[in-house]
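Please consult the sequence and the coordinates alongside the text.

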Amino acid sequence: LLRADGKNKEAEPYLQRAMAGYESTLGPSHPDTLALVHDNAKLLKVMGKHGEAEKQLNRAMSWNSTSSSSKDSEIALRANKDRTERHLRNKLQNKVAELGPRHEQTLVLVNSLALLLKSMGQNQEALQLHREALEGREEVLGPLHPSTLQTRNNLSLQLQAMGRFEEAEKHLQRAYDGRKEVLGEAHVATLTSLGNLGALFKAMGRYDEAEPVLDKALSGLDSTVGPSNPLSLAALNNLALLYKAVNKCDKAEPLLRRSLNGKTATLGPQHTSTLNTVGNLGSLLLDQGRLAEAEPLLKRALEGKEVSLGQNHTETLSSCHVLATWHKKCGRRAECEELLRRAFEGREAQLGLEHPETMSSLDALTQLLLEDAPGTYVVSSRSAGVTAEAARGSQLVAELVEGDEVQVLEVQQQEDASRFRARLEDPAGWMSLVNTANGFRWAQRQGEDLKVRNGKLQQTGRTSKALLWRRALEAATAGKEQPVGIPYTIGAVIEDTPSIRSVCSLNNTTASGRDLTNSSRSVDGNSAPQEPEPIGGPSEVERLLRKVLKAKEAVLPPNHSSTLQTTHTLAEVLHHMGREKEAEELYTRTLLGRMDSLGQKHADTMWTLMRFSVVQRQHGNNWDAMRLFKRLVDDRGEVLGPRHPDTLTACAEQALTLQAVGRHLEAERLYRRVYECREASLGPRHPDTTQALNDLANHLQLSGRVEDNRSIIQSALERNQQVLNPVNPRTLRALNNHAMLLKAAGFRLEALEFLMRARESSEAKLGKTHVDILTTINNIGVLHHCLGNHADAEPCYRDSLAGRETVLGPKHIDTLGTLSNLALLLKTVGRFQEALPLAQKAYSSYEEVLGRTHTDAIGALGNLAQLHTALERYETAEELTRQALGTLMSTMGPTHPSTLAMVSSLALILDERGQHKEAVLHHRRALSGRETVFGRLHEETLKSVKQLAASLQQHNQFEEAEGLLRRIQYPNGIAEALSQTHPGTVSRQPLPDAKENDHICSG
């Protein structure tokens, strides 16, 4: 009775007296005496006296324990689990024969056997026995009896351990409601169920619901049994794990340390519950990058569990997996691989391939085998510096750009710099692969061809990469309802367990679209070869991810962190495959889910917001993208600081978007901020600083602010000359960017000569159909076009177009850019009938691929309208131009340069149609906008001056027209606008034809 009321201390002496009486009357080995001994063991366990409890339990099982320490008694008990199981099964069989299957003593044994099997990893049979025990006790004792409610609580924990969260929640809610009704809200059993419910909410990703529930359970247990009771300490551990899951490390760490100190004093340093908290604290420190502090804790947790639980126990394997993560972050790849193989193979044997923890180890091991080891890498960032020595501050010898392929000979960890550094074969030197502090990668390892031949997938007794992927695919396509690859935390107040969230940190970087079919490697068998079966490419990865996502959605709520991570990864894969609309839908779902479950300022939410915003901009939704990037900059600045690399990356993206909508002054301020911060923190020669300088210089060119910023543009050109080698094919993309910067600065002839030398040196090594060679040929055509060398431009465009159609496809955006350029060239030389079908094809393809609101589609529509104007089809030209202008007004705004160019084009068409009054209004609007955006002396502004003057003359307003023309004829006109060294001033060539506003595509 006292135990039922939670008065364990008062109950203990009564139970001791009863046990002593039974011993003296019936003898120490009588079944009734042993039953009391068993009850006493359970009471001692609840009171936290685990050493004494296990001695009594051993005695109840008729085995004498000679050990006096809790550690020794626990080892003895664990070592005898098989004997314990046989004993319980025999005793259960006898009780069923003697008393029947529904007798309370029989049901006690059923419940005990179920708990034992759960601890041994035999989950299916344990679940069946828990259900039998619950059905029996409901029938015999009633649904609200304390023993029935305890059995329901145990069943819910079993379901939770198997990942069946929704069913677990139903049973746990009923157990809590029943205990609250029967025992009261402050009873220890009620508080235990409440804590278990909070831990379940946390495992399901329902963090907002979990926190108040866990906090209430902890407060109640502290008041009822005291803060040093194991139940209170377990509740404390679970609350800490919740804070860890929502990235509140400052709150999680003190709670975990308090829980660890309490468990060490109460249970002993080697108790499994203590070791769980040791591992959880180590995992928290690992997530924060505090590797030196995490190491002793993680190793202690693993070594302690190996002694207490055995090498292959599921909790031991969890600690094994976390320690593998630590080894990877320290650059100890061999040790990491060994531990991950052990975790995967042990979990597969204990839990089955479909269990979430098994899939977690499988994913992590697969990723390790594919990444950060010597092999072929592809640069994935916009630029990457190569230094002479391993140290980052050593002399810069080369600069790589996105898409460059390199051979890595050695990988080295630099803890002080939070980097993995790689030694390269060519160019000889060192580059960074990944920043371990934030996960940013400069290069991705190129996948190997994973094939199966003759069904042989084992090499030298080790699990091959092909087998790992095949097992993952088989598990994903087996049609099972079990969740696949779900990282979750099993945390309960009765038996708290280690955090699983950090266990899956090795799988945060998935094989997003990585091509795993680039070589011909296979595993040979002894019989005749059969057709090899490829594994891994983007379509296989997509299929696997969709199956995993479906399994998670069946078990977890839509906003669970694991479900959202898979959704985000699938969006990345689809984005990589060019399926933008599908990717956008998944990014939207991920973003809304993470905002709801994690909050707007969580790191994962902000990363998804970044990707979603980029997609919005790529789709031409520039105003929406601008607002999203603004919020991202504010949030990252608040959370990470205004000078953090991630904040600066968001600033650069926001500046690019502001530039796209014509807000040049705001964009310039952001570009300057990024450049100045990177120069201050990284130095002037760092690749990121160089990229920021080039971004600023390019923007100043586009916004017409050359004269006031000659020093910045000259610095960018000089910096590029220092790191770019026109005879090195690996830097060909960067060479093209440099040439376009020269073009924008007015040095078109120098840019042309520079690119022609680059093409000559690279073509022999890369081949005529290499994508970067085709880009270079296109840009050479652009430069010839701008210089008026039309006969030289046409073969360049045609060669680039033919190559891009073959290599990239006829509807690739680069192919369409060259197609548009060829159409414009033909229009320029008066071959309108040849140009028209090309322009129509370009526009219809752009509209199909990118949508009619994309800037490239609008530019193609404007070019098509220009062709109709040249063919004197003014009505059609006006209709197309007004359509393009309406789209630009809604997407770019009224002052964007592209909008103003389209206004000018419409005015010219209206002039041709004799609608001079409306034409003058549009000319004035274009001039006013260009003066505001570019300034009075910009080339585009002066073009509008000339066009307005011509329109006024047609409208007989000669006096105003004369005043305007004086602006472009006298010294303060062109010479001041373009500078004395600009080719346009030196050659005194006339301004571009006032009737043309062409959209020429570089790159």
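**Helix packing, salt bridges and backbone geometry**

Helix 34 crosses helix 35 in a left-handed manner, where left-handed means that the near helix is turned anticlockwise from the far one by less than a right angle, and right-handed that it is turned clockwise. The model is predicted: local features need pLDDT of at least 70, side-chain atom pairs count only at pLDDT 80 or more, and totals for chains, interfaces and linings use all residues. Residues are numbered from 1 along each chain as its sequence is written, and side-chain values use heavy atoms, with hydrogens and water left out.

**Overall composition**

- The protein contains 42 helices and eleven strands; helices (H or I, at least four residues) and strands (E, at least two) are DSSP runs, numbered from the N terminus.
- Of the 1003 residues in the protein, 56% are buried; buried means under 20% relative accessible area, exposed over 50%, and partly exposed in between (1.4 Å probe, protein chains only).
- Among contacts in the protein with a separation of 6 or more, 62% involve residues 24 or more positions apart, a contact being heavy atoms within 4.5 Å.

**Helix 34 and helix 35**

- Helix 34 (residues 832-850) packs against helix 35 (residues 855-870) at an angle of about 155 degrees, their axes being 9 Å apart; axes are lines fitted to C-alpha atoms, for helices over the stretch in contact, and angles run from 0 to 180 degrees between N-to-C directions.
- Helix 34 and helix 35 are therefore roughly antiparallel to each other; angles under 35 degrees count as roughly parallel, over 145 as roughly antiparallel, 65 to 115 as roughly perpendicular and the rest as oblique.
- Helix 34 contributes residues including Phe832, Leu836, Tyr843, Tyr846 and Leu850 to this contact, and helix 35 contributes residues including Ala857, Leu861, Leu864, Leu867 and His868.

**Helix 30 and helix 31**

- The axes of helix 30 (residues 748-766) and helix 31 (residues 771-787) come within 9 Å and cross at roughly 155 degrees.
- These two helices, helix 30 and helix 31, are therefore roughly antiparallel, and their crossing is left-handed.
- Residues of helix 30 that meet helix 31 include Leu749, Leu752, Leu755, Met756 and Glu763, while those on the helix 31 side include Ile773, Ile777, Ile780 and Leu783.
- Glu763 of helix 30 is buried, its relative accessible area being 18%.
- When neighbours within four places in sequence are left aside, Glu763 is in contact with Lys768, Ile773 and Ile777.

**Salt bridges**

- The structure holds 37 salt bridges, each defined as a side-chain nitrogen of Lys or Arg within 4 Å of a carboxyl oxygen of Asp or Glu.
- One of them joins Glu169 and Arg206, whose closest N and O atoms are 2.9 Å apart.
- Glu169 lies in helix 9 (residues 165-182) and Arg206 in the loop between helix 10 (188-203) and helix 11 (207-224), so this pair ties together parts that are 37 residues apart in sequence.
- Glu169 counts as buried at 18% relative accessibility.
- Arg206 also forms a salt bridge with Glu209 (2.9 Å, N to O), and Glu209 is partly exposed at 37%.
- Glu960 and Arg924 form a salt bridge in which the closest N and O atoms are 2.7 Å apart.
- That pair links distant parts of the chain, with Glu960 in helix 40 (residues 958-969) and Arg924 in helix 38 (residues 916-934), 36 residues apart.
- Glu960 is partly exposed at 32%, and Arg924 is partly exposed at 32%.

**Backbone geometry**

- Most residues other than glycine have a negative phi, and most peptide bonds are trans.
- Asp426 and Pro427 are joined by a cis peptide bond with omega of about 0 degrees; Pro427 lies in the loop between strand 5 (419-424) and strand 6 (429-435).
- Asn247 has a positive phi near 70 degrees and is found in the loop between helix 12 (230-245) and helix 13 (249-266).
- Asn247 is partly exposed, with a relative accessible area of 47%.
- Glu872 has a positive phi near 60 degrees, occupies the loop between helix 35 and helix 36 (874-891), and counts as exposed at 58% relative accessibility.
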